[in-house]
Amino acid sequence: MKKLAVLLAVVMLIAGFFLFDLHQYLDFSYVKSRQALITDYFHTYPVKTVLIFFLAYFAVAGLSLPGAGVLSVLAGAIFGLPVGAVTVLLAATAGATVAFWLSRYIFHDFVQNRFGDKLRAVNTGIERDGAFYLFTLRLIPIFPFFVINLVMGLTPMRTAVFSSVSLLGMLPGSIIFVNVGTQLADLESLGGILTLDLVVAFGLLAIFPWVARKVLVLFRARRAYAGFRRPRKYDRNLIVIGAGSGGLIAAYIAAMVKARVTLIEKGKMGGDCLNTGCVPSKALIRSAKFISQAKRAVQYGCEPVEVNFDFSKIMQRVRRVIGKIEPHDSVERYTKLGVECIQGEAELKDPWTVAVNEKNLTSRNIILATGASPFIPEIPGLSGIEYHTSDTIWSLEELPERMVVLGGGPIGCELAQCFARFGSSVTQVQRGPRILPREDPECSAMVAESFARDGVRILTGHVAKEVLQEAGSNRLVCAHNGEEVNVPFDTILVAVGRKVTSHSAWENHLQIELQKDGRPALNEFLQTNYPNIYACGDLAGPYQFTHTASHQAWYASVNALFGRFRKFRVDYSVIPWCTFTEPEVARVGLNEQEAKNQGVEYEVTRYDLSDLDRAIADEQAHGMVKVLTVPGKDRILGATIVGEHAGDLITEYISAMKHKLGLGKILGTIHIYPTLAEANKAAAGEWKRAHAPQRMLNWVKRYHAFERR
C-alpha cells in the first residue's frame with residue numbers, strides 16, 4: 001500500500017504538470033523570450049534565483065519530465081558557464097537519484113520476482129560492469145537520461161554507485177549544454193545545438209570509456225609483466241599444467257585445432273576423477289548396491305540370499321575398473337592425438353616459461369589445471385592417527401568394523417552408505433542440521449531414511465572437537481547441545497570438502513592474485529592477472545565437478561588460442577550435479593531453498609515416483625521429480641530428481657533449460673513405456689493439469705452436453 005501511495009503521488013504530480021499546462025514554461029521559444037527578465041531577476045536576487053532554478057531542474061529530473069535540455073541551456077544563458085554547469089550537474093544528479101530511487105522502491109521487487117530468471121544474466125553483468133556501462137551512457141546526452149534512471153533502478157546497482165557515476169558521466173554533457181546556452185541569443189531552436197561537430201564530439205565521448213577500458217587492461221597487463229622478459233618466439237602455442245578432467249580436455253581441444261600443445265602432469269594421468277574420485281567411488285557404489293539388492297531378494301520374489309564377499313577383492317575390482325578406463329586418459333592416447341605429454345613437476349619461471357625435468361619450455365599461453373585436495377580441519381589429535389580422505393581411502397584392504405565419516409556432503413554420504421552396506425558400523429558426523437545441506441530438506445530426509453535402513457547412524461548438529469587414543473582404541477569427541485558425545489572408531493574418513501592448498505607451480509616466481517579461499521582471481525574469460533595465463537577445473541571453481549572442469553576447459557583453451565580475435569565469457573547458467581547415494585539426488589538450476597534465499601518467485605510441480613509403473617515393477621517406487629517454474633508459465637527455473645537413475649533422468653531438464661524449452665515441450669514429447677524417464681513427462685502433465693483453462697473446459701462441457709441431446 002505504501003508503494004501504491006507513492007506511485008499514485010508521482011502520477012498525480014506528472015498529471016498536474018500537463019493538466020495545468022506547466023510544460024509551456026519549458027518551451028524553448030518561451031524561455032528565449034523571457035531570458036532578459038530572468039537575467040535581471042538573477043542580478044537582483046542571485047542566491048534565490050539559483051535555488052529556484054535548482055529546485056525546478058531537480059523536479060523535472062526526479063519526475064522524468066521533459067525539459068531538462070532547455071533548462072541546461074537556460075542555465076548557461078542566465079548564470080554563465082561555471083555557476084550554470086555546477087548548478088545543472090548537481091540538480092541533474094540529485095533528480096536522477098530520486099528517479100532511480102522511486103523506480104527501485106515501486107517496481108524493483110515486482111520486476112525481479114516476476115522476471116528474475118530472465119534478468120539473471122543482466123543482474124550479473126550490472127554487478128560486474130554496471131558502473132562502466134552507466135558511465136558510458138551518461139556520456140551520450142542525446143540518449144534519454146530518464147530511461148537510464150528508471151531502468152537502473154530495477155537492477156542491483158547500489159544507489160551510491162549510481163549517484164557518483166552519474167555525476168562524473170554527466171559532467172562533460174552539462175558543460176557542453178551550458179556553454180551553448182551562453183550563446184542563447186544566437187540559437188533559433190533547441191535542435192540547433194546538435195551540430196555535426198557536437199554529434200561527433202558526443203560520439204567520441206561515447207567510445208572514450210571503451211578505449212579507456214582497453215588501455216586499462218593493457219596497463220594492468222604491462223604492470224603484471226613488469227620485470228619479465230618476453231621470449232622472441234615461443235616453442236609452443238599452449239602448455240597445460242595438470243592432466244585431470246580440465247587439463248585433458250584443454251589439451252585435447254588445442255590438439256584438435258592443430259596447435260602445438262604440451263601437457264604436464266606430476267602424478268597420474270586422469271587426475272582425481274579417474275584415480276581417487278568419480279571412477280573408483282562409482283565402482284565401489286555398484287558393488288555395495290549389488291549386496292544391498294541381494295539382501296532384498298524376497299522383494300523380488302526370490303528366496304533369501306546371503307552374499308559372501310572378500311573386501312580386498314572388491315577393492316581389487318575398483319582398481320580393475322580404473323585400469324580399464326585408464327587408456328582413455330593415457331599418455332599413449334593423447335600422444336596419438338598430437339599432444340606432447342611430459343611426466344614431471346612443472347614450475348613457472350615467468351609468464352611464458354615453464355620448467356619441467358630441468359628443461360625450460362616457452363609458450364604463448366598457459367592453462368593451470370592443478371586441481372584441489374581434501375580439506376583437513378584442525379581437530380586436536382587428528383594428525384596423531386592414520387585418518388583417511390577421499391584420496392587415500394582406496395588403499396584399504398580390510399573392511400573397518402567401526403567407521404566414522406566426518407562430513408555430510410556428497411562425498412561423505414556416498415562413502416558412508418557404501419561402507420554400511422558392506423557391513424561396517426558407520427557413524428556419520430555432520431556439523432549442520434542435516435546431511436546434503438545444499439539440497440531441499442525433503443531430499444535430505446529421503447536420503448537419511450535410506451541411510452537408516454542401511455544402518456548408518458547420522459549425528460547432525462554435532463561438532464567434532466577432539467580425537468583421543470586410549471588403550472589402542474580411537475574415539476571422536478563431539479559437542480552437541482552443550483553436551484559431550486563420544487564416538488568410538490577404527491577408521492575415520494575426513495570428507496568436509498576440498499580446497500586449493502598448493503600453489504607450488506607458480507608461487508616462487510609469479511604473483512598470481514588469489515581470492516580468500518586460495519583460488520586464483522579470474523575474470524569472466526578465466527584469465528588470471530597475467531592475461532596469457534588461464535585456469536580451469538577445481539583450481540578455478542566455483543563448482544568442483546568433473547563436468548564443469550571440462551566445461552571450463554573449452555573456454556580456457558579457445559580463449560587462450562583465439563582470444564586476440566574473440567573471447568568467450570564462461571557460462572554457468574545451467575550447471576547440473578548428482579549425488580550417487582541410493583536414492584540418487586540430481587539437480588539442475590534452482591531448488592526451493594535457493595529460490596527463497598534469492599527472492600525468486602516460483603511455482604512447484606511434484607510427481608511422486610511411487611505412481612510410476614516402471615518404478616513399481618523395479619521395486620524402486622520411491623522418490624520424486626520436483627520442478628520449479630515461473631508463476632503461471634511453464635518455463636523451468638530448476639529441477640530436482642530423487643530416485644533410481646536420477647543422474648540420468650535429469651538430462652532432459654538440462655537440455656530443456658539450456659535450449660529454453662518449457663514443460664509443455666516435454667509433455668508433447670513421446671517417452672517410451674515403461675521407463676523411468678516417463679516420470680519427466682508425468683511431472684509435466686501435473687503442471688498442465690494445475691494450469692488447465694477451467695473456464696474453457698466448462699464451455700466444452702456444455703458443448704458436449706448439447707451434443708448428447
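A crossing is left-handed if the near helix is turned anticlockwise from the far one by less than a right angle, and right-handed if clockwise.

Ground rules: I am reading a predicted model, where local features need pLDDT of at least 70, side-chain atom pairs count only at pLDDT 80 or more, and totals for chains, interfaces and linings use all residues. Numbering runs from 1 along each chain as its sequence is written, and side-chain values use heavy atoms, without hydrogens or water.

**Entry: α10 and α17**
I looked up helix α10 (residues 245–256) against helix α17 (residues 546–562); their axes come within 8 Å and cross at roughly 40 degrees. That makes α10 oblique to α17 (under 35 degrees is roughly parallel, over 145 roughly antiparallel, 65 to 115 roughly perpendicular, the rest oblique). The crossing is right-handed. Among the residues that meet, I noted Ile-249 and Ile-253 in α10, and Trp-554 and Leu-561 in α17 (contact means heavy atoms within 4.5 Å). The contact residues divide into nine nonpolar, five polar and no charged.

**Entry: Leu-510**
Next I found Leu-510 in the loop between β15 (498–499) and β16 (533–535). Its relative accessibility is 3%, so I filed Leu-510 as buried (under 20% relative accessible area; exposed is over 50%, with a 1.4 Å probe). Leaving aside neighbours within four places in sequence, Leu-510 touches Phe-228, Leu-348, Asp-350, Pro-351, Tyr-530 and Ile-533. I also saw that its C-alpha lies 10.0 Å from that of Glu-347, 163 residues apart along the chain.

**Entry: α7**
In helix α7 (residues 145–152), I listed Ile-148, Asn-149 and Met-152 as the buried residues. Down the axis of α7 they fall within an arc of 100 degrees, so they line one face of the helix.

Note on methods
Axes are lines fitted to C-alpha atoms, for helices over the stretch in contact, and angles run from 0 to 180 degrees between N-to-C directions. Helices (H or I, at least four residues) and strands (E, at least two) are DSSP runs, numbered from the N terminus. Ala, Val, Leu, Ile, Met, Phe, Trp, Tyr, Cys and Pro count as nonpolar, Asp, Glu, Lys and Arg as charged, and the others, Gly among them, as polar. The arc is that of the directions from the helix axis to the C-beta atoms.
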